[in-house]
Amino acid sequence: MKTEAEKRELVKMFQAKINAMQSLGRVSSEVATDNFFPFSEAFPNHTFPVGALHEFSSYEAVSAASTGGFIATLTGKLAKNDGICLWVSREKKVFPPGLKQFGLAPERIIFITTSNQKEMLWIIEEALKCKSLTAVIGEIKQLTFTESRKLQLAVERSGVTGFIHRFMPSGENAVACTARWKITPLQSSFDDDLPGVGHPYWDIQLLKVKNGKPDSWQIGWQNGQFQTFSKENNPISINERHAG
């Protein structure tokens, strides 16, 4: 006779298998769910999906920069245990040392630049098949449903997490992905009213999520963690709010 704890563990295991079959990603024992709070609350079983395809879209340079920063924070959390990532883009816009601000070590990233659309898709797909990688970031303009389906099948088989950032696409057509996001910048927060760029602060919209609940958040990134802000614009740690 199984105990209640053993039954719950069995249910959790079967649900993880079902999620994987439904393209909802896999549950990784190496990545703590709390690392992605509060976003994880919108997904099935309150678990941020890894081994899945996440799509982002932006139409302005400032939104594209914010999207890149947010993707970097997510990738940093995935790769914190010495993971290796691949970043594919059309131009050399990323300043590698600056990624440290978002918790992503630049030495853990392989950067590839190509302006050829067909070549870029091939690189992204082949990279997503490589089980030695933790995550693949692909900055690409156009993506058909058929092309996205190939990428989704690749992550389902390998367990690699894919972040596809579409900048200035001709249209937001349907693609095969577990989640669709849109990130826009908000006014930065500053330490002690000192001048400067300040800490990034974003409006994060989860527009689509399979079997989950779309949601939105206004969240900043400071001291290596997500933060909300009080009316006085004072940072409040997400982890502290969660613990409370």
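The model is a predicted one. Ile 110 belongs to strand β3, which runs over residues 109–113. Leaving aside residues up to four places away in sequence, Ile 110 touches Ile 84, Cys 85, Leu 86 and Trp 87. For Cys 85, the separation from Ile 110 is 25 residues in sequence, while the C-alpha to C-alpha distance is 6.2 Å.

The next element to look at is helix α4. Helix α4 is made of 14 residues, 145–158. From its first C-alpha to its last it reaches 20 Å, close to the 20 Å expected at 1.5 Å a residue.

Which residues of α4 are buried? They are Ser 148, Leu 151, Gln 152, Ala 154, Val 155 and Ser 158. These residues lie on the same side of α4, because they cover an arc of only 155° around the axis. An α-helix has 3.6 residues a turn, so residues three or four places apart point the same way.

The buried residues of α4 are covered by several elements, including β1 (53–58), α3 (117–128) and β5 (161–167). On the face of α4 turned away from the buried side, the exposed residues are Thr 146 and Arg 157.

After α4 comes Gly 159. The phi of Gly 159 is positive, near 85°.

Notes. Residues numbered from 1 in each chain as written. Predicted model: local features only at pLDDT ≥ 70, side-chain atom pairs only at ≥ 80, totals over all residues. Heavy atoms only, no water. Helix = DSSP H or I, 4+ residues; strand = E, 2+ residues; numbered from the N terminus. Expected span 1.5 Å × (residues − 1). Buried < 20%, exposed > 50% of the residue type's maximum accessible area, 1.4 Å probe, protein only. Arc of directions from axis to C-beta. Contact = heavy atoms within 4.5 Å.
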